[in-house]
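Me: I have a protein model open and would like to go through it slowly. Could you help me read it, one piece at a time?

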Amino acid sequence: MTSEKIQRVGVIGAGQMGAGIAEVCARAHVDVLVCEPSRELAAAGRARILRSLDRGVSSGKITDREREQAAWRLRFTSDLGDFADRQLVVEAVTEDEKVKTAVFAELDSVVTDPRAVLASNTSSIPIMKLAMATENASRVVGMHFFNPVPVLPLVELVTTLTTSAEVGARAEHFAHEVLGKEVVRSADRSGFIANALLVPYLLSAIRMVESGFATVEDVDKTISLGLAHPMGPLKLSDLIGLDTVKAIADSMYEEFKEPLYSAPPLLLRMVEAGRMGKKSGHGFYQYSENGASAQ
Ligand code: 3HC
């Protein structure tokens with residue numbers, strides 16, 4: 001069933017998630033075509049991947065030769081029409097349902113193989129909404145990676161009421177056997193497993209700061225030193241991107257109407273102010289070449 005090897009992958013979007021997904025595919029010896037709408041965004045995406053590959057070399061995870069070979073396997077295009085021959089495509093554009101459904105409608109008309117896997121890396125949008133934008137909903141799944149993608153070994157696989165068993169099996173085989181990720185399966189519910197648990201925690205930490213209960217630094221210190229998490233919830237929100245945290249919370253709130261999923265005003269104000277976290281240089285912390293400092 002999964003016999004035809006996936007060797008040609010497409011990734012749509014080369015932001016932090018798309019770049020990471022493209023990198024791990026290239027490192028797994030797969031031909032990767034990345035779609036970004038402009039030369040500038042493509043150049044920024046390529047630079048992001050090369051910086052991460054360099055980091056892989058300097059931390060001893062990959063050799064110089066593996067870095068070079070991975071870089072050769074990555075090509076960029078601004079035309080989704082070039083994805084006709086792809087066997088698996090991972091969409092990693094902004095967490096916006098309208099943008100993602102438009103991408104899936106176009107992708108569906110472009111990718112010719114009826115057994116191809118059309119995957120979304122969405123954090124929270126029910127996959128059925130994306131599948132219904134296509135003519136062949138049996139090809140659509142969720143493949144949710146974690147940031148930083150080269151470091152975190154998990155993929156949440158989400159199949160829908162309409163995904164074919166073969167497409168689900170091909171996606172699982174690729175994530176596990178080719179990329180070497182552990183795979184968990186989640187029902188098609190907004191937030192899947194990880195964000196259903198993570199987002200109320202992140203929003204609770206933001207509410208704690210908003211109400212003056214504790215400072216940003218003390219909340220993070222408590223969680224990293226007291227509970228041995230690799231980072232506290234405010235630094236993690238900055239890493240994910242505050243606009244993305246808000247978008248995930250909004251989708252989850254729309255689905256469940258659960259007050260714990262409702263984005264607190266401080267998060268809304270920070271997003272309105274353009275403080276998106278690490279990627280914009282400013283969130284709950286300020287970021288410079290020398291690392292993070294309290295704002
Ligand atoms: N390629 C390969 N390996 C890399 C690498 C790269 N580009 N970058 C770093 N690494 C390796 C390092 O070599 C190191 O390996 P080692 O432990 O074997 O020595 C390891 O990754 C950790 O890297 P660093 O030592 O440089 O950095 P830190 O120890 O400070 O860890 C971190 C940084 C990995 C970001 C860690 O703080 C962490 O795991 N934080 C939590 C991240 C998290 O929770 N992510 C999930 C977010 S939620 C999400 O993505 C879902 C979405 O829907 C919201």
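Predicted model: local features only at pLDDT ≥ 70, side-chain atom pairs only at ≥ 80, totals over all residues.

Me: Why give both an angle and a distance?

Reply: Because two packed helices are described by the angle between their axes and the distance between those axes.

Me: Which residues make that contact between helix 7 and helix 10?

Reply: From helix 7 the contact uses Asn195, Val199, Leu202 and Leu203, while helix 10 supplies Val245, Ile248, Ala249 and Met252. Sorted by class, the residues of this contact are 7 nonpolar, 1 polar and no charged.

Me: And is the crossing of helix 7 and helix 10 left-handed or right-handed?

Reply: The crossing of helix 7 and helix 10 is left-handed.

Me: What about helix 7 and helix 9, at what angle do they pack?

Reply: Helix 7 and helix 9 pack at an angle of about 115°, and their axes are 9 Å apart. On the helix 7 side the contact is made by Tyr201, Leu202, Ala205, Ile206 and Val209, and on the helix 9 side by Pro233, Leu234, Leu236 and Ser237. The classes in the contact of helix 7 with helix 9 are 8 nonpolar, 1 polar and no charged. The crossing of helix 7 and helix 9 is left-handed.

Me: Switching to the ligand, which residues come nearest?

Reply: There are 18 residues around the ligand, and Gly56, Ser59, Ser123, Asn147 and Pro230 come nearest. Helix 2 (39–58), helix 7 (194–210) and helix 9 (233–240) are the elements that give two or more residues to this shell.

Me: Which helix gives the most to the shell?

Reply: Helix 2 gives the most, with 3 residues.

Me: How many of the shell residues are nonpolar, polar and charged?

Reply: The shell around the ligand has 10 nonpolar, 6 polar and 2 charged residues.

Me: Which domains does the shell draw on?

Reply: The protein is divided into domain 1 (8–186) and domain 2 (196–287), and the shell around the ligand draws at least three residues from each of them.

Me: How far apart are the C-alpha centres of domain 1 and domain 2?

Reply: Those centres lie 26 Å apart. As for contacts between the domains, 8 residues of domain 1 are in contact with 9 residues of domain 2, and the side of domain 1 that touches domain 2 is made up of 2 nonpolar, 4 polar and 2 charged residues.

Me: What does UniProt place at residues 9–188?

Reply: An unreviewed UniProt entry places the feature "domain: 3-hydroxyacyl-CoA dehydrogenase NAD binding" there, and in the model this span is 41% helix and 21% strand. The UniProt annotation "domain: 3-hydroxyacyl-CoA dehydrogenase C-terminal", also from an unreviewed entry, covers residues 191–287, a span that is 61% helix and 3% strand.

Me: One last topic, the backbone. Is the peptide bond from Asn147 to Pro148 cis or trans?

Reply: The bond from Asn147 to Pro148 is cis, with omega near 0°, and Pro148 sits in the loop between strand 6 (140–145) and strand 7 (154–158). Asn147 is also one of the residues that come nearest to the ligand.

Me: What is the phi of His29?

Reply: His29 has a positive phi of about 70°, although it is not a glycine, and His29 is found in the loop between helix 1 (16–27) and strand 2 (31–35).

Me: Why point these out?

Reply: Because most residues other than glycine have a negative phi, and most peptide bonds are trans.

Terms used: Residues numbered from 1 in each chain as written. Near = placed C-beta within 6 Å. Helix = DSSP H or I, 4+ residues; strand = E, 2+ residues; numbered from the N terminus. Nonpolar A, V, L, I, M, F, W, Y, C, P; charged D, E, K, R; others polar. Domains from an automatic or database assignment. Contact = placed C-beta atoms within 7 Å. Axes fitted to C-alpha atoms, helices over the stretch in contact; angles between N-to-C directions. Left-handed = near helix turned anticlockwise from the far one by under 90°. UniProt positions renumbered as here; feature names shortened; annotations may be inferred.
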